[in-house]
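Dear colleague,

I am passing on the structure below, followed by an account of what was found in it. Please read the notes with the coordinates open beside them.

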Amino acid sequence: MADRALKVGIVGYGHLGQFLVEKIQNEGPEAGLQLAFVWNRNADKLRDSLPKELILHDLSDFTHRDTDVIVEVCHPMIVKEFGVKFLSRAHFLVGSPSALSDPQLEQDLRTAAKQHGKTLYVPSGALWGGQDIQKMNDSGTLQALSIRMSKHPSCFRLTGGLLSDWTEGEGRRVLYHGSVAELCPIAPNNVNTMAAAAIAASKLGFNGVTGEIVSDTALSDYHIVEVEVTGPDGFTVKTVRQNPAKLGAVTGNATYNSFWSSLLEYLFVLFQSAKVMEEGYIYVDNSGLLQKVKKKKKNT
Ligand SMILES: NC(=O)c1ccc[n+]([C@@H]2O[C@H](COP(=O)([O-])OP(=O)(O)OC[C@H]3O[C@@H](n4cnc5c(N)ncnc54)[C@H](O)[C@@H]3O)[C@@H](O)[C@H]2O)c1
């Protein structure tokens, strides 16, 4: 780890933001982390739990804070509005990668990362097997990838009033089946797992990965993520991840620790390898990043 505490700015103070802030407050000193700032669109929510010098009232003022890494955990709109600006000053962990379904935004973020010697990082979040998908993608053996996410209707935040008419006990309803590219704008907060998968499977991309969202009133205690990978000669892998979740929550319980682990690994690698910082890479998950660092060292 670096010889000084790394400063982390947290953007968003919902379930994930609160979890990460508490973790940094409690375990940060040991892990070599400290808070640079916390922003939430409603600052009232921050007043009771944070010292006032850590509260950022206007997000544009992040430039006045000394920050090593900015972590977005609120909404893809913020990635769109601030991502390039963040990367001009700090490394950027994108908690809402569904924003990257916009190819122009993805390109702008990559360019900004490269230009400013920063990195853009996509944590695996609720995705299981992201590294394996990435390996198959890189070796050219990934032929198809589909992901189904099933949740209680209260857990969905959909645009256009889709699902506004649900009733308790109605059962199962397929809400969408098609490309992840088209699904991301419909369910920006709910399909970040699919977006992370589409980034790992970059040769298929957001248009080539299939997504399905299912509302099911029987799922009051957990979310289900099913991933199906297809390779050559009949190769298939199917995983079913049952993630306990609070009713109405967009994030399943196990995903909180996944984010924390990704953040620790990311910071560790960033400050072990200055070379990575120079190149402005985009990665899904820590292991992919570590592998590429090792390869680079061997070649030089
Ligand atoms: N990558 C993954 O696998 C993964 C997994 C879970 C959650 N997420 C994403 O992380 C983000 C945070 O998750 P959470 O569980 O904390 O959600 P949450 O609903 O508990 O909190 C979201 C926070 O962002 C704020 N917010 C909502 N829309 C906003 C907007 N347009 N501008 C500014 N602020 C806005 C809300 O007020 C709230 O404070 C979400 O986008 C979620 O989809 C990603």
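In what follows, a residue is called buried if 20 or more other C-beta atoms lie within 10 Å of its own, exposed if 12 or fewer do, and partly exposed in between, with C-beta atoms placed from the backbone. This is a predicted model, in which local features need pLDDT of at least 70 and side-chain atom pairs count only at pLDDT 80 or more, whereas totals for chains, interfaces and linings use all residues. Residues are numbered from 1 along each chain as its sequence is written.

I begin with helix 3. Helices (H or I, at least four residues) and strands (E, at least two) are DSSP runs, numbered from the N terminus. Helix 3 covers residues 76-87, and its 12 residues reach 15 Å from the first C-alpha to the last, close to the 16 Å expected at 1.5 Å a residue (the expected span being 1.5 Å times one less than the number of residues). Its buried residues are Pro76, Ile78, Val79, Gly83, Phe86 and Leu87. Seen down the helix axis, these buried residues fall within an arc of 110°, so they line one face of helix 3; the arc is that of the directions from the axis to the C-beta atoms. What covers them includes strand 1 (6-11), strand 4 (69-72), strand 5 (91-94), helix 4 (103-116) and strand 6 (120-122), where contact requires C-beta atoms within 7 Å.

Turning to the ligand, 26 residues surround it, the closest being Gly14, Leu16, Cys74, Gly125 and Thr251 (a residue is near if its C-beta atom, placed from the backbone, lies within 6 Å). Helix 1 (15-31), helix 3 and helix 7 (192-200) are the elements that give two or more residues to this shell. At least three residues of the shell come from each of domain 1 (6-123 + 254-299) and domain 2 (130-244), with bounds taken from an automatic or database domain assignment.

Most residues other than glycine have a negative phi. Leu163, in the loop between strand 7 (144-151) and strand 8 (172-179), has a positive phi, near 80°, and is partly exposed, with 16 other C-beta atoms within 10 Å. Asp233, in the loop between strand 10 (222-230) and strand 11 (236-244), likewise has a positive phi, near 55°, and counts as exposed, with 5 C-beta neighbours inside 10 Å.

How values were computed. Two residues are in contact if their C-beta atoms, placed from the backbone, lie within 7 Å.
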